[in-house]
Amino acid sequence: MEYRKIGNTGMSASVIGLGTEHLDGKPYNVVEETIQAALEQEINMIDLFMPGEEVRRNIGKALGDRRKDVIIQGHIGSVDLNEKYDMSRDLDVCKRYFEGLMENLGTDYIDVGMLFFMDSDEAFEQIRDNGIIDYALDLKEKGVIRAIGTSSHNPRVARRVLETGVVDLMMFSINPAFDMTPPEKDVLDTFEELEKQEYISIDPVRNALYQYCEQQHIAITVMKTFGGGRLLSAEHSPFKKAMTPAQCIHYALTRPGVVSTMIGCQSAAQVKEAVAYLQTTAEARDYMDILRGYQGELTGSCVYCNHCQPCPVDIDIALVNKYLDIARLDTEKIPPSIKQHYRALTSNGADCIACGSCEEKCPFTVPVIRNMERAVELLG
Ligand code: SF4
Ligand code: SF4
């Protein structure tokens, strides 16, 4: 397993995480098999948003004394008052369900307390004005949660929540189709209509959100990695080609700020399939054929696909471009950690021999040689 740091929290996330939604309503033996397989594969990230007591108890029981080995994303505001998956912005209700989550799991802490489903301005204003952000801060102060997270499908609202400065981690819906959806559209509304959507280019607002996370040390965990399975089907994909799970996972893991993809599983076999990504070759992960033709206004911008490899002097071109993009957000205040990461690379911009082979291969016409020079200027 590979792990990535969750910002400044001191925790590290497995790049493959476990989404548990499909375990809801399943018998205990299915829950146990899936959780045990995840633990055996050294997965340590688990998202648990479901409000139902039975599935929470089953997951807690299956974790047993391995609870301390996992990082649980638990959601504040996920309830089942009126329907199975409901939400509340009432402080007392939120408290009752969050305390119930710990009781059901048999634990006295939740690693990441998630401000649930921040998809509208109204939702954000309610959690701010009803004391729910203060509740999360109080939980963190008391050590009941180790970090504050949020979940969202809307880049503009997510950005508002992040700009409060309290969030350590954001769970966000990321895949190539959603990333080409304009921010004013609800990806869950259009989720059933992926084929009708007009796909032009990766949306700059979403791109800027991910870069902001990397700059601010806010870790991103990913949901909807496969677009509800549609991206895996040539018939249902808007790109008219099936992506492989490895391509989808790699796309998500190469966005700035991303630390883990939460893959929904309901069997040991599915857990193994998800983790199989780690054994795939660079060619098998390459998603550039899917994005080719959708450059739009991002022409000249790196999408971090690594299609330009190999580099004769072993520069990780996508990674250098990623650090450079973060540095360019504010050249007066480049985060020291970005400079440290850049300087820790075995080869960096200073090693570029300007051979040009990357520029010939890049479908986004990224001026790589110029970027390498700029990286030297800005990052050392
Ligand atoms: S320079 Fe081009 S090919 Fe290389 S990672 Fe960036 S977008 Fe992909
Ligand atoms: S131009 Fe520089 S970065 Fe690109 S392949 Fe050649 S040496 Fe590597």
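Select ligand 2 to begin: the space this ligand takes is the largest cavity. A cavity, on a 1 Å grid over the protein atoms alone, is a set of points where a 1.4 Å probe fits but cannot get out. The model is predicted, so local features need pLDDT of at least 70 and side-chain atom pairs count only at pLDDT 80 or more, while totals for chains, interfaces and linings use all residues. Residues are numbered from 1 along each chain as its sequence is written, and ligands are numbered from 1 in the order in which they are written.

Now show the residues around ligand 2 (a heavy atom within 4 Å). There are 13, and the closest are Cys311, Cys352, Cys355, Gly356 and Cys358. By class, 11 are nonpolar, 2 polar and none charged. Here Ala, Val, Leu, Ile, Met, Phe, Trp, Tyr, Cys and Pro count as nonpolar, Asp, Glu, Lys and Arg as charged, and the others, Gly among them, as polar.

Move to ligand 1, which sits in the second largest cavity (more than half of its atoms lie within 2 Å of the grid points). Residues surrounding ligand 1 include Cys302, Cys305, His307, Cys308 and Cys362. This shell has 9 nonpolar, 3 polar and no charged residues.

Next, select Gln309 and Pro310. The peptide bond between them is cis, with omega near 5°. Pro310 is in the loop between helix H13 (288-291) and helix H14 (317-329); helices are DSSP runs of H or I with at least four residues, and strands are runs of E with at least two, numbered from the N terminus.

Go to Lys224, in the loop between strand S11 (219-223) and helix H10 (245-253). Lys224 is not a glycine, yet has a positive phi of about 60°.

Finish with helix H2 (residues 53-63) and helix H3 (residues 91-105), whose axes come within 7 Å and cross at roughly 40°. Axes are lines fitted to C-alpha atoms over the stretch in contact, with angles from 0 to 180 degrees between N-to-C directions.

Key
Heavy atoms only, no water. 1 Å grid on protein atoms, 1.4 Å probe; cavity = no way out; pocket = protein on both sides within 12 Å on 5 of 7 lines; lining within 4 Å.
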